[in-house]
Amino acid sequence: MPLTTAKAKAEGQMTSPILISPSILSADFARLGEEVRAIDEAGADWIHIDVMDGHFVPNITIGPGVVKALRPHTKKPFDVHLMISPVDLYLNAFAEAGADIITVHPEAGPHIHRSIQHIKSLNVQAGVVLNPGTPAKMLDYLIDDVDLILVMSVNPGFGGQSFITNQLRKIEAIRKMIDKSGRDIRLQVDGGIDFKTAPLAIEAGADVLVAGTATFRGGPSAYADNIRTLRGG
Ligand code: DX5
Ligand code: ZN
């Protein structure tokens, strides 16, 4: 069983365990392919794709057709965050479009355990997302099955919101749960991550940071510096 990133970090076995997954929600949508290539070259580890339906969240973004169109532009993993309800109907389409990781909210369907199994049956990594008001306890009977846990540090729907500080306590609690499980599970945080909040999230135990505004601020010539700074220099 591989060491969890936090343990490995403490034991000095990993040099750069923090992954950056820029959210393309803050990219120029008229030049999306180019933007994905630019963040790939700038050092993004994953590409975070926010899918919103105007029903589960009050905003509408993109669907599987766009994910498929972006797939030839990078070899980096597509980290697809589904904010749609009902979600189960669309899992196959996003897997076929090229998702490597699919994350789902427990509130987005009647049976989250079944949704996780469904994602895994598609040979895609499965993640569960906790909204700011959703307790860590939700994970008790899911942690054995997921590859990733995403803590939302804003209410989902929009980029550019402020980090909700009390989610740090949730990240700390989940880091303990992951370490106790002994499973290789990534702990991701999404929303309001910038140069100030990134170190707080890392300190609390997160090892994958999603950042939209903070990655894309300043245009393509700034992406590499932005990503490097978010990662901790
Ligand atoms: C919010 C999305 C986030 C968001 C992040 O619903 O899930 O991925 O776009 O944007 P920033 O980094 O600007 O808060
Ligand atoms: Zn997201």
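Visitor: In which helix does Arg 175 lie?
Guide: This is a predicted model, and in it the stretch of residues 167-181 forms a helix. Arg 175 lies in that helix, which is named α6.

Visitor: Does Arg 175 count as buried or exposed?
Guide: The relative accessibility of Arg 175 is 6%, and a residue is called buried when this value is under 20%. Because of its 6%, Arg 175 counts as buried.

Visitor: How many Å apart in space are Arg 175 and Trp 46?
Guide: Along the sequence, Arg 175 and Trp 46 are 129 residues apart. In space, taken from C-alpha to C-alpha, the two are apart by 21 Å.

Visitor: Which residues coordinate the zinc ion (ligand 2)?
Guide: The coordinating atoms sit at 2.0 to 2.3 Å from the zinc ion (ligand 2), and along the chain their residues follow the spacing H-x1-D-x30-H-x108-D. Two of these residues, Asp 50 and Asp 190, are buried. The residues that coordinate the zinc ion (ligand 2) are His 48 through NE2, Asp 50 through OD, His 81 through ND1 and Asp 190 through OD.

Visitor: What is the arrangement of the six donor atoms around the zinc ion (ligand 2)?
Guide: The six donor atoms subtend angles of 69 to 169° around the zinc ion (ligand 2). Because of these angles, the arrangement is octahedral.

Visitor: How many residues apart in sequence are the parts tied together by Asp 50 and Asp 190?
Guide: Asp 50 lies in strand β2, which covers residues 47-52, whereas Asp 190 lies in strand β7, which covers residues 186-190. The pair therefore ties together parts of the chain whose separation in sequence is 140 residues.

Visitor: Which residues lie nearest the centre of the largest pocket?
Guide: The largest pocket has a volume of about 340 Å³, and its lining has twelve nonpolar, 14 polar and four charged residues. The elements that give two or more residues to this lining are β2, β3 (78-83), β8 (208-211) and α8 (213-216). Of the 30 lining residues, those nearest the centre are Gly 159, Gly 160, Gln 161, Gly 191 and Gly 192.

Visitor: Where is Gly 191 found, and how many Å in space is it from Thr 213?
Guide: Gly 191 is found in the loop between β7 and α7 (197-204), and with 9% relative accessibility Gly 191 counts as buried. Gly 191 and Thr 213 are 22 residues apart in sequence. From C-alpha to C-alpha, their separation in space is 9.3 Å.

Visitor: Why do the buried residues of α5 line one face of the helix?
Guide: Helix α5 spans residues 112-121, and in it Ile 112, Ser 115, Ile 116 and Ile 119 are buried. On the other side of α5, Arg 114 and Ser 121 are exposed. An α-helix has 3.6 residues a turn, so residues three or four places apart point the same way. Seen down the axis of α5, the buried residues line one face because they fall within an arc of 100°.

Visitor: Does Asn 123 count as buried or exposed?
Guide: Asn 123 has its place in the loop between α5 and β5 (125-130), and its phi is near 60°, a positive value in a residue other than glycine. Because its relative accessibility is 77%, Asn 123 counts as exposed.

Visitor: What kind of peptide bond joins Ser 85 and Pro 86?
Guide: Pro 86 has its place in the loop between β3 and α4 (91-97). With omega at about 0°, the peptide bond that joins Ser 85 and Pro 86 is cis.

Key
Residues numbered from 1 in each chain as written. Chains lettered and ligands numbered in written order. Predicted model: local features only at pLDDT ≥ 70, side-chain atom pairs only at ≥ 80, totals over all residues. Heavy atoms only, no water. Donors = N, O, S within 2.8 Å, 3.2 Å for Na, K, Ca; no water. Tetrahedral: all angles 85-135°; square planar, octahedral: opposite > 155°, others 65-115°. Helix = DSSP H or I, 4+ residues; strand = E, 2+ residues; numbered from the N terminus. Buried < 20%, exposed > 50% of the residue type's maximum accessible area, 1.4 Å probe, protein only. 1 Å grid on protein atoms, 1.4 Å probe; cavity = no way out; pocket = protein on both sides within 12 Å on 5 of 7 lines; lining within 4 Å. Points joined across faces, edges and corners; volume = space filled by probe spheres on them. Nonpolar A, V, L, I, M, F, W, Y, C, P; charged D, E, K, R; others polar. Arc of directions from axis to C-beta.
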